[in-house]
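Open the model in your viewer and keep the selection panel at hand. The stops below go from a pocket to a core and then to a single side chain.

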Amino acid sequence: MKAHKLIERLVAEGRVRITAPDDDEVAEWRCVVNYAKRHGLGPAGKRIEKVP
């Protein structure tokens, strides 16, 4: 569910930035991004990556 919402935001906003996340939030987003990449959920022409 979170991965699909992430992709929706990526399409709508062009970039999704999470500012000042705590350690738990970083771990959760890492899992969400990995899930989206593993399942090919990224929209055409967009790249999903984690940047510290």
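By class, how many residues in the lining of the largest pocket are nonpolar, polar and charged? The lining has twelve nonpolar, one polar and eight charged residues (Ala, Val, Leu, Ile, Met, Phe, Trp, Tyr, Cys and Pro count as nonpolar, Asp, Glu, Lys and Arg as charged, and the others, Gly among them, as polar).

This is a predicted model, in which local features need pLDDT of at least 70, side-chain atom pairs count only at pLDDT 80 or more, and totals for chains, interfaces and linings use all residues. Residues are numbered from 1 along each chain as its sequence is written, and side-chain values use heavy atoms, with hydrogens and water left out.

Select Val16, Arg17, Glu49, Lys50 and Val51: of the 21 lining residues, these lie nearest the pocket centre. Helix H1 (2-13) and helix H2 (23-38) are the elements that give two or more residues to this lining (helices are DSSP runs of H or I, at least four residues, numbered from the N terminus). H2 supplies the largest share, five residues.

Next, select Ala3, Leu6, Ile7, Leu10, Val32, Val33, Ala36 and Ile48, the largest nonpolar core (buried Ala, Val, Leu, Ile, Met, Phe, Trp, Tyr and Cys residues joined through side-chain atoms within 4.5 Å; buried means under 20% relative accessible area, exposed over 50%, with a 1.4 Å probe and protein chains only). H1 gives the largest share of this core, four residues.

Stay on Ala3: leaving aside neighbours within four places in sequence, Ala3 is in contact with Val32, Tyr35, Ala36 and Leu41 (heavy atoms within 4.5 Å).

Finally, pick Glu8, also in helix H1. Glu8 is exposed, at 56% relative accessible area. Its C-alpha atom is separated by 9.6 Å from that of Gly42, 34 residues apart along the chain.

Technical notes: On a 1 Å grid over the protein atoms alone, a cavity is a set of points where a 1.4 Å probe fits but cannot get out, and a pocket is an open set with protein on both sides within 12 Å along at least five of seven lines; lining residues have an atom within 4 Å of a point.
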